[in-house]
Amino acid sequence: MITKKIFTLCAAVLLLFSECSSESSSSNSPLSNSSVDNAEKTSEGDVLIHIAIGDYVPTPLYTMISKFNQSDNGYQVKLVNYKSDDSEKTAVGDNSGQTAVGGLVTADMDLQMDIVQGGVVDLVPDMTFHDTSNYDILAQKGAFVDLNVFFDDALRAELDPHILELHETDGKLYQIPLFYNIETQSGYSEYVGTKENWTFDEMIEKWEKAKDETRFISWPTRQNVYRESIERNMSTFVDYETMTCDFISPDFIQLLDFCQQFPITDPHISDDTPCFMRHTVFCGIQDMHSVICDENAMPCTLVGYPSSDGNGSFIDSVGERWSICTKTAPEVQEGAWMFLTSLLSEEYQYEHDQMMSDWINEGNLVEYGFPINTAAFQHKAEDAQKEALWRYEDLSLMTQAECDHITDFIGSLSKMSAPIDGALQTIVDEEIGACLAGEQTGEVTARNIQGRVEIMLSEKS
């Protein structure tokens, strides 16, 4: 019964995707694609903006919604909650302003249907999806408006142009991030050198020289090396915009063969043996400073994931991206943009870390992402030069030169980290398992994955 329901929903969504894509190609104006002409209003006459949300509402977001609703601006935000349980679609209380939508398996599909049909949700953060790749596919299929049409010069000047550009598709901004992380690989400069973002050949060269003194990663089994070197970088080999993949690339095959030089089981290397490299995610300026810039720490280099172009570090904004639905009435789109600009403001972007820390970390201030607002970014950089966060209080304060280094590194990044969907991951896991067990070569594994994924993507396109 569940399988039949999922199949029916998939077919319906794919059909709607096609219609949405056809409509979006007929006009450059996102507003012309709206299928909902009349905005829903409250009894007081305020226009309702429906925001899709998942299993929880972060406290900072709920705070901003409350402020927005109390500002007497002619709009009211209402949440639509796509829960991952088996409850049916029911209101959960007038005071909460939330609507629950059920189904552990079908929550994402329900949301996709509502987005492409229109009339249910207007503003969608990617964190609503349990499989974020569904959000990426929707963006490519024309389900969201080009946010560039809403920008004025003043607001655009307040936001990091490089981060905005990375989120564009063919010059269209279907998604905008509030915050972002940096995902990379790092290693002690003594072993990996000082060049940032290496190629596969550079990694091999450095590893051959250092492997007698280091362990490749903390627990260098084949499976773990695969997870650190390939799995986290899997989106490099899939393009949801063109619905193509490139698993037969020399990079992918070389990496698979590289993994097979390591043992299948734990080699019991001493914990005192330094790691050659490690997966590293930076959530803010002081977080990054603590690894690469502090004079009291062993110097580290951000080498990135090995790649043919030597550009293997990523901007990761998954969980922080927002979009306005194409099928939303123009008047509601304007209100949705008004709410989004409040989340892009210097005040919110600067205070966000403290608000998140109050909610999650008992008030102990930690970082939850680099702000896209440049004034908020600069404010945080100035803070790091005056006072260290509690978790970094034993480190030296950041200098302006170190801040410039961080800013330059961010500006050098040209790739986005993106998740792959569950079905694709299942295919990869099955074939990789056989490869790491020694049952097939890297080349055979790559061909098998390529063939199976091409079929899967053709069914989605």
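Predicted model: local features only at pLDDT ≥ 70, side-chain atom pairs only at ≥ 80, totals over all residues.
Tyrosine 56 itself belongs to the loop between strand S1 (47-53) and helix H2 (59-69).

The structure holds 23 aromatic pairs. One of them joins phenylalanine 216 to phenylalanine 262 in a tilted arrangement, with 5.3 Å from centre to centre and 45° between the planes. This pair links distant parts of the chain, 46 residues apart: phenylalanine 216 lies in the loop between helix H8 (200-210) and helix H9 (222-229), while phenylalanine 262 lies in the loop between helix H10 (250-259) and strand S10 (278-282). Both phenylalanine 216 and phenylalanine 262 are buried. They also belong to a cluster linked by ring pairs, whose members include Trp198, Trp207 and Phe276.

At phenylalanine 151, the charged end of arginine 156 sits over the ring, 4.3 Å from its centre.

Finally, have a look at tyrosine 226 in helix H9. This residue counts as buried because its relative accessibility is 1%, and the cut-off for buried is under 20%. Beyond its neighbours within four places in sequence, tyrosine 226 is in contact with several residues, among them Glu231, Cys259, Asp429 and Leu436. Leucine 436 is 210 residues away from tyrosine 226 in sequence, yet their C-alpha atoms are 8.7 Å apart in space.

Technical notes. Residues numbered from 1 in each chain as written. Heavy atoms only, no water. Phe/Tyr/Trp six-rings, centres within 6.5 Å; stacked < 30°, edge-to-face > 60°. Helix = DSSP H or I, 4+ residues; strand = E, 2+ residues; numbered from the N terminus. Buried < 20%, exposed > 50% of the residue type's maximum accessible area, 1.4 Å probe, protein only. Lys NZ or Arg CZ within 6 Å of the ring centre and 35° of its normal. Contact = heavy atoms within 4.5 Å.
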